[in-house]
Amino acid sequence: MKSNTQLLEEFNRRVYGHEEAKKALITLVSRSKMRHYQKYALNIDNDELLEPSKILLIGESGTGKSFLVQELQKITDFPLLMLDATQLSPSGSTDGCTQSKLQQKIVSNAENWVKNRAEIGYTHSLAGAISQTVVFIDEIDKLARSFDSSGNWNKHVQSNFLTLIGQSGEFASSGISFIFAGAFAGMKRIKGKTGGLGFNSEFEYTESLLDADIIEYGLIPELIGRLTAIVELDVFNEESYKYIMNNILIPKKKHSLSFFNTSFSLTEQQIDEMIVRAMKSGQGIRYLKRELDKNCLEAEFNSPNIGV
């Protein structure tokens, strides 16, 4: 079994930046596995078990919220169910997220995980798999800015989450962990000083996020109050994008093209121009990947090892 520090080291080799988010996610999985051990190995009563984590990740589009969770799943191997909040609130529908629908998805996902593990020689019970499940719900901010039939923010859908993740909710005793994520574009930030009291003028100003900002954006206080952590992802600057481009995206693309016996090259100017456009696009790393693919189309098309 790897320690959390060892997991973080491996996480860092896979994903650039976002250390605070990485630590929060690793702790979520560690707590889930410890809770599973408490329940099934130590037979500890439900009311004494560790509380499952419920995290909110906030980060601009393209900063890698879902990618972080997917890479952690590869490192630590747990049943992961990934959903979009808009799936739980269909356009024009007012019934939103229901316990039964989400429970069916969780059980089906756990069954597939158990089956896949059995095929490589591991034995897990369905109940044990469900207890280690992490439900990732992206675009939660869309519920804050979408409107129901009454012309209000989609608060009825958020309220349904309370019955799912609350202390007495449907999954309260199951051990399921939840990760909510969203970009929260345009959210007002409260300025605060670093260094505790912050009365010394030599301290630099930073932006800190308060519950009030998220509530003002449109998430209901009852949902925010049940979260165990709210984590903001790093905002990448030009230097960050350049590192990701030169050390992650380009080497990965060259490796992929090596199977086609072809390659490509980009000048520093081309890379810099792509990074500037990525920063303006609002799509971040997604934009860089798309631009990289576009620049490699000719090389891949002319590969001697490709054809149909």
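In which sense do β3 and strand β4 pair, and over how many bridges? The two strands, of which β4 covers residues 177–182, pair in the parallel sense over four bridges. Two strands count as paired if DSSP finds at least two bridges between them. Strands here are DSSP runs (E, at least two residues), helices are runs of H or I (at least four), and both are numbered from the N terminus.

The model is predicted, so local features need pLDDT of at least 70 and side-chain atom pairs pLDDT 80 or more, whereas totals for chains, interfaces and linings use all residues. Residues are numbered from 1 along each chain as its sequence is written, and side-chain values use heavy atoms, without hydrogens and water.

Let us stay with β3. Opposite Val134 stands Ser177 of β4. Strand β2 (residues 80–84) also runs parallel to β3, joined to it by five bridges, and Asp84 has Asp138 as its bridge partner. Five of the five residues of β3 (134–138) are buried, so the strand is largely enclosed by the rest of the structure. Buried means under 20% relative accessible area, with over 50% called exposed and partly exposed in between (1.4 Å probe, protein chains only). Val134, Phe136 and Asp138 cover one side, Val135 and Ile137 the other.

I turn now to the largest pocket. Its lining comprises 18 residues, with Met1, Val29, Lys33, Thr76 and Gln132 nearest the centre. A pocket is an open set of points on a 1 Å grid over the protein atoms alone, where a 1.4 Å probe fits, with protein on both sides within 12 Å along at least five of seven lines; lining residues have an atom within 4 Å of a point. Helix α2 gives the largest share of this lining, six residues.
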